[in-house]
Amino acid sequence: MEESGQKKRWIIYLYRVLQKYTDENHPLTQKEIGDMLYRDYGIRPDRKAISGNLEELLAMGIPLACHETTRLRQDGTNEILRTDWYIEHEFTNSELRLLIDGIVFSKHIPSAQRLELMQKLEGLSSVHFHSPMKNIRNLAPKEADKSQLFYTIEVLEEAISDVKQVEFEYCSYDIDKQLKPRLREDGSVRKYRINPYQMVTKHGRYYLICNYAKYEGIAHYRIDRIREIRLLDTPATPCPTAVGEELAQHMQEHIYMFTGESIPVTLRVNRNILNDVIDYFGFDVEFSHANDTDVLVSVRVNEEDVFRWAVQYCTQAEIISPSSLRQRVADTLTEALKQYGAQAT
């Protein structure tokens, strides 16, 4: 029994060595595997035991790879030799870097939790994987307390899965840099009863796409500003149209995630910023009346979002219609120029 138990431990230790130290670019010979087993676990199985355990891992379906060569035996038969063993990790290093970079730049996850998540992702590769973990210490500013974030996400996941409503307080920052719940006119804390549909990320923020139970249509809320969330027994009202289609359209029309209705907008933009137009508005934009320098852009988009975009790109884009939005952008830029002139003098 002791020998059987020892063999079971050996194969686990062997798998750990392969998982930790090997990948496609860093295979190990059987001798190197034996050296690692002795260094990390104080055991030194013979070459035959290592070979047998490697074959057993292969038979178990472990994603194990090696280099195979054929050698002619003295009796004239062929013998297959296996060496340079390594684990084929589920994620490539490039895929892991994409995931970790996403966490590094996620503004909705506190620093301590980012580090924890990144360390777990690192553990999915070998020690030869070089992640950008050190960057998080430089990127993370002083943050407010977001200890409820993961709990909020768990409750929302359960609500979405079980098609249940949730109720929560929604907060905004005050001049003391603390989140305060929004209040009713009588001063009491406002409660939001929501039909949750999906959680999405945009511009490094986490949003809940949902329907506010009092109204029709799609709404969204910053998840890191949700407090005192409570799962209700009340069934959630399904999205009135095809959920995936409406949510995708909602995200495309709300480039800065402002609330409010979307409207048809026509802009004239410089051809030099067509990449930015596609990045912000997506491929559903319509181009027309193009010449060597500019082009007309027609798009349906949230009014507040396109207002901010037009101000940001004012030297290379102008609103053509609606006229009320065009005038609003013009008034904003005129006022900004007046203030700049006053400050300059």
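Author: Start with Asp40, which is partly exposed at 31% relative accessibility. The model is a predicted one. The label follows from the cut-offs: buried means under 20% and exposed means over 50%, so a residue at 31% falls in between. The partner of Asp40 is Arg39, and the two form a salt bridge. Their closest N and O atoms are 3.2 Å apart. Arg39 has a relative accessible area of 52%, which is over 50%, so Arg39 counts as exposed.

The background is simple. Side chains of opposite charge can pair when their charged atoms come close.

Now turn to helix H2, which covers residues 30–41. Asp35 and Lys31 both lie in this helix. They are four residues apart, about one turn of the helix. Their side chains meet in a salt bridge, with 3.2 Å from N to O. Lys31 is exposed, at 61%. The pair also belongs to a network: salt bridges link Lys31, Asp35 and Arg44. Across the whole structure, the search finds 13 salt bridges.

Next comes a bridge between strands. Glu167 pairs with Arg230 in a salt bridge, and the closest N and O atoms are 2.8 Å apart. Arg230 is partly exposed, with a relative accessible area of 44%.

Asp84 belongs to strand E2, residues 78–87. At 29% relative accessibility, Asp84 is partly exposed.

The peptide bond between Ser321 and Pro322 is cis, with omega about 5 degrees. Pro322 is placed in the loop between strand E12 (317–321) and helix H11 (323–344).

Now the strands around Asn195. This residue is part of strand E5, residues 192–202. Asn195 is buried, with 1% relative accessibility. What does its side chain reach? One partner is the side chain of Asn211, in a polar contact of 2.8 Å. Another is the backbone nitrogen of Thr237, at 2.9 Å. Leaving aside residues up to four places away in sequence, Asn195 touches Gln165, Cys210, Asn211, Ala213, Ala236 and Thr237.

Two of those names, Cys210 and Asn211, lead on to strand E6, which spans residues 205–212. Seven of the eight residues of E6 are buried, so this strand is largely enclosed by the rest of the structure. As a general point, side chains in a regular strand alternate between the two faces of the sheet.

What does E6 pair with? The partner is strand E7 (residues 219–222), joined to E6 by four bridges. E6 and E7 run antiparallel. Cys210 stands opposite Ala219 in E7. The two strands make a hairpin, with six residues between them. Within that hairpin, Gly217 takes a positive phi near 90 degrees.

Cys210 raises a last topic, the cysteines. A disulfide is a covalent bond between the sulfur atoms of two cysteines. How many disulfides does the structure hold? The count is zero. Accessibility can be given for two further cysteines. Cys171 is buried, at a relative accessible area of 2%. Cys314 is partly exposed, at 35%.

Back to the starting point. Asp40 is partly exposed, and its salt-bridge partner Arg39 is exposed.

Definitions and conventions:
Residues are numbered from 1 along each chain as its sequence is written. This is a predicted model: local features need pLDDT of at least 70, side-chain atom pairs count only at pLDDT 80 or more; totals for chains, interfaces and linings use all residues. Side-chain values use heavy atoms; hydrogens and water are left out. Buried means under 20% relative accessible area, exposed over 50%, partly exposed in between (1.4 Å probe, protein chains only). Two strands pair if DSSP finds at least two bridges between them. A disulfide is a pair of cysteine sulfur atoms within 2.5 Å. A polar contact is a pair of N or O atoms within 3.5 Å; within protein, one must be able to donate a hydrogen and the other to accept it, and residues adjacent in sequence count only if both atoms are side-chain atoms. Contact means heavy atoms within 4.5 Å. A salt bridge is a side-chain nitrogen of Lys or Arg within 4 Å of a carboxyl oxygen of Asp or Glu.
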